[in-house]
Amino acid sequence: MSHPANTASPGAADALAALEAHRSYLVRYAMLQLRDPVKAEDAVQETLLAALENQARFAGKSQVRTWLTGILKHKIVDQLRAQSRETAISGLVAEGDGEDDDVAVFDALFNGRDHWGDDRPSDWGDPERTLENKRFWETFEMCSKLMSAQVARVFMMREVLGLSTEEICKDLSITPTNCWVMLYRARMSLRMCLEKRWFGEGSKGK
Amino acid sequence: MLSCKEVTHLVSESLDRKLSISERFRMQLHFRICAYCRNFRRQMTFLRQACRRLAEGKAPFDSDQG
Ligand SMILES: [Zn+2]
């Protein structure tokens with residue numbers, strides 16, 4: 001602690017309190033991707049610690065949360081990579097595990113000529129307005145839990161952590177085609193759930 | 001002419017890889033005549049936007065004020 005105590009920078013307790021204010025957000029973010037409360041808590045704890053150690057760098061930042069989320073993202077990528085090393089490669093794309101169910105559900109969306117059947121994609125309106133709605137995010141969290149763990153992991157690595165398909169293939173030892181198929185399933189499942197639970201008939205004008 | 005089902009695959013893949021010129025052309029032809037697939041495409045863009053919002057720490061989860 002070579003820190004002089006007389007500077008204008010906030011004390012460690014204040015700094016910690018300021019960081020703690022973001023904890024619940026970070027935990028929800030981590031839960032979406034790790035699906036395990038203990039692992040999510042661990043990742044957030046490490047993030048807050050790392051932030052505290054780099055206090056000097058965050059002092060001037062106006063977007064503290066964005067910065068914290070960036071640190072957390074790296075912790076989550078580490079976690080997911082460690083997990084994928086533990087998981088048998090064969091298990092990841094094994095037949096079954098909801099795959100057939102998924103395909104059946106998606107096939108039912110289309111008619112005999114593979115055109116949209118009765119459940120056609122609707123106009124979701126102004127994205128901005130939806131994304132600012134807290135209740136929408138509750139639905140989003142709920143819907144993302146409906147994907148199988150493997151599919152969700154690939155989807156989150158791609159969309160939230162921003163990894164390229166190449167990186168994901170390498171991390172999880174799967175082929176690009178496998179990767180695209182899993183991303184397709186994730187998106188189809190998420191849009192179907194949101195269409196039904198949020199954008200569907202009777203829920204317009206939220 | 002591509003089917004709607006084929007278009008959904010291409011729209012999804014367009015978010016992960018560069019489509020060939022032929023794929024893009026056939027997809028555009030389909031969009032001209034199919035409003036549902038146009039909606040589908042916008043929905044996929046929306047999902048990406050939502051995830052980006054999340055990644056930036058800007059999703060309005062409760063308990064946060066500002
Ligand atoms: Zn169509």
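At 30% relative accessibility, Glu56(B) is classed as partly exposed (buried, under 20% relative accessible area; exposed, over 50%; partly exposed, in between; 1.4 Å probe, protein chains only). Lys58(B), its salt-bridge partner, is likewise partly exposed, at 44%. A salt bridge is a side-chain nitrogen of Lys or Arg within 4 Å of a carboxyl oxygen of Asp or Glu. In the pair Lys58(B)–Glu56(B), the closest N and O atoms are 3.9 Å apart.

The model is predicted: local features need pLDDT of at least 70, side-chain atom pairs count only at pLDDT 80 or more, and totals for chains, interfaces and linings use all residues. Residues are numbered from 1 along each chain as its sequence is written, chains are lettered from A and ligands numbered from 1 in the order in which they are written, and side-chain values use heavy atoms, with hydrogens and water left out.

Chain B supplies the protein donors of the zinc ion: Cys4(B) through SG, His30(B) through NE2, Cys34(B) through SG and Cys37(B) through SG. Donors are N, O and S atoms within 2.8 Å of the metal (3.2 Å for Na, K and Ca); water is not among the atoms, so sites may look incomplete. Along the chain the donors follow the spacing C-x25-H-x3-C-x2-C. The four donor atoms subtend angles of 101 to 112° around the zinc ion, so the arrangement is tetrahedral (four donors, all angles between 85 and 135 degrees). The ideal angle for four tetrahedral donors is 109.5 degrees. Both His30(B) and Cys37(B) are buried.

The interface between the chains was examined next. Contact (heavy atoms within 4.5 Å) joins 46 residues of chain A to 37 residues of chain B. The area buried between them is about 4000 Å². Buried area is the accessible area (1.4 Å probe) that two parts lose on being put together, summed over both. Carbon and sulfur atoms give 62% of the buried area. Five salt bridges are counted between chain A and chain B. Helices α2 (23-34), α5 (64-86), α8 (127-131), α9 (134-144), α10 (149-159) and α12 (176-199) of chain A each give two or more residues to the side that touches chain B. Helices are DSSP runs (H or I, at least four residues), numbered from the N terminus. α12(A) gives the most, with 10 residues.

Over all chains, the structure holds 16 salt bridges. Lys5(B) pairs with Asp107(A), the closest N and O atoms being 2.7 Å apart. This pair crosses between chains, from helix α1 (residues 4-14) of chain B to helix α7 (residues 99-107) of chain A. Lys5(B) is partly exposed at 22% relative accessibility. Asp107(A) is also partly exposed, at 35%.

Arg48(B) forms a salt bridge with Glu159(A), with 2.9 Å between the closest N and O atoms. This pair too crosses between chains, from helix α3 (residues 35-55) of chain B to helix α10 of chain A.

Within chain A, His22(A) lies in the loop between α1 (12-20) and α2. His22(A) is buried, with a relative accessible area of 15%. Leaving aside neighbours within four places in sequence, His22(A) is in contact with Val64(A), Arg65(A) and Leu68(A). The C-alpha atoms of His22(A) and Arg65(A) are separated by 6.8 Å, although the residues are 43 apart along the chain.

Methods
Tetrahedral: all angles 85-135°; square planar, octahedral: opposite > 155°, others 65-115°.
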